[in-house]
Amino acid sequence: MITGDFHVHTCLSPCADITMVPNEMAKRFSYHGIEWIGITDHNTCGNVKVFERVFSKYGITVLPGIEVQSVEEVHVLGYFESVETAEEFSKVIYSHLPDIKNDPERFGYQLFVDEEDHFTGTEEKILASSTDLHLDELFKLIKAFKGLFVYAHVERTFGVLKQLGFIPDNPPYDALETIRKIKSDKAILKSSDAHTLDQIGTSVVKVGVNHRTFEEFKRALERRLVFIDEDNSRSYS
Amino acid sequence: MKIEELKDIGFEMVTGGEGEINHGYACDLLSEVMGRAKPDTVWLTVQSHVNIIAVAAITGIRAIILCNDHLFDEETVQRAKKEKIALFKTSLNTFEACGKIYQKGIR
């Protein structure tokens, strides 16, 4: 069993705290014994590579990911087999974002960071917006990159249940993320959705695989080998 | 109010429906609409996902007006025909569109 948290933001997400830098986050994950992390910033994979490099020094594996906002204002998590694939996907998503400049004082800072936790620049385009992709288009795009399509926090704001009332038959999602007990024939993830350092460790899952690879993660979702560890989860929302 | 009368006040009909309209509701969060919209309602939204038809069918909404020049996808139109729910579109924003219907006495 491997302990993981597959929905975590970095300082590149406008709504995340600027202290969400790689070494500080890695220390927190190490402290909580969480060794497999999905890095899922809003509409971008721009910090994934740096986080993978830093986290590996702490013995933590990064699952490259993203949290995309569809036209319906539904948040979807995408996971990819490699940092390179995630970065290519991120470029496509970038072209589907509106050409609006971010106002950091209103929406928050969007910061790129290096391996020493130093800020190296800012993303100028607004990331706190919807793409122009409908859910089925987004599904097809994620699948074109051989990725996994997971509905994020289904019952919260920007969750598919809140936005669309119920989960549509199509597209056929790979898993869903929830904080409640929901019955589904798909795998269920419970994640921290950490935007601040103190939210790290608030939610984890145990994954019934031996290796921390994308293929194993995919198989774990298919076979529903993801388990919610109630004892180690303290929900903050 | 008859559904066809929505055409007379400037809304473009995409597909027709059945029944009378006695109430109006405006919201883009489908979970809210499911919980709050009354039967025999005209619903104004910018959400065009096919789930709007199921929400309309559940709540008894008779007509949906899609604002801001948004377009229904084909699947949504087909489902609406099946459920006999009228679809309209308009270049007006939701507030302006509500005003027109409110003037006709719909509450």
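Helix 2 (residues 48-57) of chain A packs against helix 3 (residues 83-95) of chain A at about 160 degrees, with the axes 9 Å apart. Helix 2 of chain A is therefore roughly antiparallel to helix 3 of chain A (over 145 degrees; under 35 is roughly parallel, 65 to 115 roughly perpendicular, the rest oblique). This is a predicted model: local features need pLDDT of at least 70, side-chain atom pairs count only at pLDDT 80 or more, and totals for chains, interfaces and linings use all residues. Residues are numbered from 1 along each chain as its sequence is written, while chains are lettered from A and ligands numbered from 1 in the order in which they are written.

**Confidence**
- The model has ipTM 0.80 and pTM 0.90.
- Chain B has a mean pLDDT of 96, with 100% of its residues at 70 or more (pLDDT is the predictor's confidence in each residue, from 0 to 100).

**Helix pair in chain A**
- Axes are lines fitted to C-alpha atoms, for helices over the stretch in contact; angles run from 0 to 180 degrees between N-to-C directions.
- A:Val48, A:Lys49 and A:Glu52 of helix 2 meet A:Val83, A:Ala86 and A:Glu87 of helix 3 (contact: C-beta atoms, placed from the backbone, within 7 Å).
- That contact has three nonpolar, no polar and three charged residues (nonpolar: Ala, Val, Leu, Ile, Met, Phe, Trp, Tyr, Cys, Pro; charged: Asp, Glu, Lys, Arg; polar: the others, Gly among them).

**Helix pair in chain B**
- The axes of helix 3 (residues 51-59) of chain B and helix 4 (residues 74-83) of chain B come within 8 Å and cross at roughly 20 degrees.
- Helix 3 of chain B is therefore roughly parallel to helix 4 of chain B.
- B:Ile52, B:Ile53 and B:Ala57 of helix 3 contact B:Thr76, B:Arg79, B:Ala80 and B:Glu83 of helix 4.
- By class, this contact holds four nonpolar, one polar and two charged residues.

**Interface of chains A and B**
- Nine residues of chain A contact nine residues of chain B.
- Helix 6 (residues 160-164) of chain A gives the largest share of the chain A side, four residues.
- The chain A side divides into five nonpolar, two polar and two charged residues.

**A:Thr178**
- A:Thr178 sits in the loop between strand 8 (175-177) and strand 9 (187-189) of chain A.
- A:Thr178 counts as buried because it has 21 C-beta neighbours inside 10 Å (buried: 20 or more other C-beta atoms within 10 Å; exposed: 12 or fewer; partly exposed: in between; C-beta atoms placed from the backbone).
- Not counting residues up to four places away in sequence, A:Thr178 touches A:Val154, A:Glu155, A:Ile188 and A:Lys190.

Note on methods:
Contact = placed C-beta atoms within 7 Å. Helix = DSSP H or I, 4+ residues; strand = E, 2+ residues; numbered from the N terminus.
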